[in-house]
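Please view the sequence and structure first.

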Amino acid sequence: MKRAEELMYYENQLLERGYKYICGVDEVGRGPLAGPVTCSAVIMPLDDLIQGVNDSKKVSRGKREKLFGTIMEKAVAVSTVSYDHKRIDEMNILNATKACMAEAITSLAVEPDIVIVDALKLDIPYKTFGIVHGDALSYSIAAASIIAKVTRDRFMTEMAEVYPHYDFEHNMGYGTAKHIAALKEYGKCPIHRNSFIGKILSAER
């Protein structure tokens, strides 16, 4: 596991160039068959790093929950926005993700001096700095990825109680074999993305 200091390369470059409030933004949920896409924007204090912050995919669920609380407590500003299945179907997932990210950033209580984003071009009134695989390379994006992941996972766990057939508490809406089998047996539930499941359901007809 990388130490937090190892994820500060880009932030240190920006700090040296005079930027103070550096915002990291990330999304979770572009690929699932059900549920929202969730985007978080965070501005972290960069002189008081939280050890353990990393790409959310590389952190265990229990550790993410603990880090979520610490990030929320220490952050200069945090904003999280989710776009539901209806908006994803209306806009398509790429446009929904971009709009969701932009809304999260512009909803921050503190205006960022610059935004670090994982290689997506966003329509926002701030300077942006793109990093491919940013959630594994930037402390700020990694912190955002943890907030987004925990927020979305909590929602999908709640939805598992409402729609128990689909194993949402384990797959978080992704197309696992168990999830697809349930779709074929029971059909869709109200939070499925129609634009994602059409081929699965049409194959049964």
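The sections below describe the pocket, then each helix pair.

## Model and largest pocket

The structure is a predicted model. Its largest pocket has a volume of about 200 Å³. The lining consists of 14 residues, and those closest to the pocket centre are Glu27, Val28, Gly29, Lys57 and Tyr174.

Two elements, β1 (22-28) and α5 (139-162), each supply at least two residues of this lining. The most comes from β1, which gives three residues. Sorted by class, eight of the lining residues are charged, four are polar and two are nonpolar.

## Helices α2 and α5

Besides its part in the pocket lining, α5 is in contact with helix α2 (residues 61-74); the axes of this pair come within 9 Å and cross at roughly 115 degrees. The crossing of α2 and α5 is left-handed.

On the α2 side, the contact is made by Arg61, Arg64, Glu65, Leu67, Phe68, Ile71 and Met72. On the α5 side, the residues are Ala143, Ile146, Ile147, Lys149, Val150, Thr151, Asp153, Arg154 and Thr157. The contact of α2 with α5 holds eight nonpolar, six charged and two polar residues.

## Helices α7 and α8

Helix α7 spans residues 177-186 and helix α8 spans residues 194-202. Their axes come within 10 Å, with a crossing angle of roughly 70 degrees. The two helices are therefore roughly perpendicular to each other, a class that covers angles of 65 to 115 degrees. The crossing of α7 and α8 is right-handed.

In this contact, α7 supplies Ile180, Leu183 and Lys184, which meet Ile197, Ile200 and Leu201 of α8. Five of the residues in the contact of α7 with α8 are nonpolar and one is charged, with no polar residue.

Conventions
Residues numbered from 1 in each chain as written. Predicted model: local features only at pLDDT ≥ 70, side-chain atom pairs only at ≥ 80, totals over all residues. Heavy atoms only, no water. 1 Å grid on protein atoms, 1.4 Å probe; cavity = no way out; pocket = protein on both sides within 12 Å on 5 of 7 lines; lining within 4 Å. Points joined across faces, edges and corners; volume = space filled by probe spheres on them. Helix = DSSP H or I, 4+ residues; strand = E, 2+ residues; numbered from the N terminus. Nonpolar A, V, L, I, M, F, W, Y, C, P; charged D, E, K, R; others polar. Axes fitted to C-alpha atoms, helices over the stretch in contact; angles between N-to-C directions. Parallel < 35°, antiparallel > 145°, perpendicular 65-115°, else oblique. Left-handed = near helix turned anticlockwise from the far one by under 90°. Contact = heavy atoms within 4.5 Å.
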